[in-house]
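Here is a report on one protein model.

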Amino acid sequence: MNDASIDRSALAEARVPLFVPGDQPQRFAKAAASGADAVILDLEDAVAVGNKDAARQAVSAHAISDVPVVVRINAPASGFRGADLQALRRARVAALMLAKCESGEEIDQVDALFGGMAVIPLIESARGLLALPQILERGSVARVAFGAFDFALDIGCRPVWDSLIVARGELVWRSRAAEKAGPWDSPSAEFRDLSVLKEEADRAAFAGFSGKMAIHPAQVSVIEAAFRPDAATLAWAREVVAAAEQSSLAKVAGAMIDAPIIERARRILRNERRRS
């Protein structure tokens with residue numbers, strides 16, 4: 001069965017999970033050494049139909065040990081999910097990512113085979129978003145993730161930020177209400193013009209996502225930087241906390257600070273200590 005020694009806390013803190021095609025085992029070690037804090041071995045879109053069996057064998061035999069391994073399995077409608085699940089019964093995996101998840105029952109089916117396994121449902125359709133409350137109530141769900149391109153295709157919009165801001169916002173606030181880790185944002189297709197990626201990653205961080213999935217090693221450092229407070233933010237947080245400890249009516253840079261601002265500053269410092 002799955003190795004219980006896998007560090008689940010590392011998965012909970014992951015901000016930059018990197019996708020790797022499951023039928024490209026020669027890339028597994030490079031992905032684990034890329035700086036990503038989790039690796040997503042893909043059995044779905046990145047693998048052609050004729051390579052599915054080879055991908056399952058390669059993923060089941062992976063030797064990654066430095067970072068948590070997530071495996072994205074195919075959607076139920078594909079006809080491949082059953083074979084994916086059977087192939088992974090003895091694989092060393094931290095979590096299963098459910099492509100195009102649209103119901104809590106899908107998670108129940110995985111739980112029946114992998115009791116205790118963390119699950120990351122991918123919300124990629126209107127039906128998936130509609131089912132989000134019941135998906136998030138399942139105990140095995142570690143967090144959800146957003147698939148912007150499939151979601152945009154499903155609802156007939158362009159896959160740009162403004163068109164999908166309502167869906168993204170719902171993922172963030174419902175995850176918080178369910179006391180789950182913040183969601184991972186959709187990957188960016190851009191890995192040459194990193195300024196485009198930076199803007200996307202910054203927006204995701206500002207919107208309350210806890211990370212953003214990557215599809216190329218060149219994206220990793222840009223995403224990581226977006227989800228780590230910069231020097232100015234850390235200095236501000238330290239100043240706020242110090243001022244609050246000295247007075248209940250404190251000011252920082254001429255502005256009054258109240259309880260939510262103080263707690264935000266404390267949270268920034270706590271998260272940075274935990275992730276350093």
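Where is the place of Glu179? Glu179 sits in the loop between α9 (165-177) and β7 (184-185). The model is a predicted one.

**Positive phi**

Glu179 is not a glycine, yet its phi is positive, at about 60°. Its relative accessibility is 67%, so Glu179 counts as exposed. Lys100 is also not a glycine and has a positive phi, of about 50°. This residue is found in the loop between β4 and α5. Lys100 is partly exposed, with a relative accessible area of 26%.

**Salt bridges**

Side chains of opposite charge can pair when their charged atoms come close. The model has 17 salt bridges by the rule used here. Lys100 belongs to a network of them, linked with Asp42, Glu44, Arg72 and Asp150. Some other pairs are listed below.

| Pair | N to O distance |
|---|---|
| Asp108 and Arg138 | 2.9 Å |
| Glu137 and Arg138 | 3.1 Å |
| Glu224 and Arg228 | 2.9 Å |

Take Asp108 and Arg138, whose side chains meet in a salt bridge. Asp108 lies in helix α5 (residues 104-113), and Arg138 in the loop between α7 (132-136) and β6 (145-146), so the pair ties together parts that are 30 residues apart in sequence. Asp108 is partly exposed, at 34% relative accessible area. Arg138 has 14% relative accessibility and counts as buried, because the cut-off for buried is under 20%.

Arg138 also meets the side chain of Glu137 in a salt bridge. Glu137 is exposed, with a relative accessible area of 58%.

In the pair of Glu224 and Arg228, the closest N and O atoms are 2.9 Å apart. Glu224 is partly exposed, at 22% relative accessible area. Arg228 is partly exposed too, at 25%.

**Helix α5**

Which residues of α5 are buried? They are Gly104, Glu106, Ile107 and Val110. These residues cover an arc of only 155° around the axis, which puts them on the same side of α5. An α-helix has 3.6 residues a turn, so residues three or four places apart point the same way.

How much space lies in the second largest pocket? The volume is about 530 Å³. The lining has 26 residues, and the closest to the pocket centre are Phe19, Val20, Asp42, Ala46 and Ile215. Asp42 is also a member of the salt-bridge network with Lys100.

Several elements contribute to the lining. β1 (17-21), α2 (28-32) and α8 (148-155) each supply at least two residues. The largest share comes from β1, with four residues. By class, the lining has 15 nonpolar, four polar and seven charged residues.

**In brief**

Lys100 has a positive phi and takes part in the salt-bridge network. Arg138 pairs with Asp108 and with Glu137.

Technical notes
Residues numbered from 1 in each chain as written. Predicted model: local features only at pLDDT ≥ 70, side-chain atom pairs only at ≥ 80, totals over all residues. Heavy atoms only, no water. Salt bridge = Lys/Arg side-chain N within 4 Å of Asp/Glu carboxyl O. Buried < 20%, exposed > 50% of the residue type's maximum accessible area, 1.4 Å probe, protein only. Arc of directions from axis to C-beta. 1 Å grid on protein atoms, 1.4 Å probe; cavity = no way out; pocket = protein on both sides within 12 Å on 5 of 7 lines; lining within 4 Å. Points joined across faces, edges and corners; volume = space filled by probe spheres on them. Nonpolar A, V, L, I, M, F, W, Y, C, P; charged D, E, K, R; others polar.
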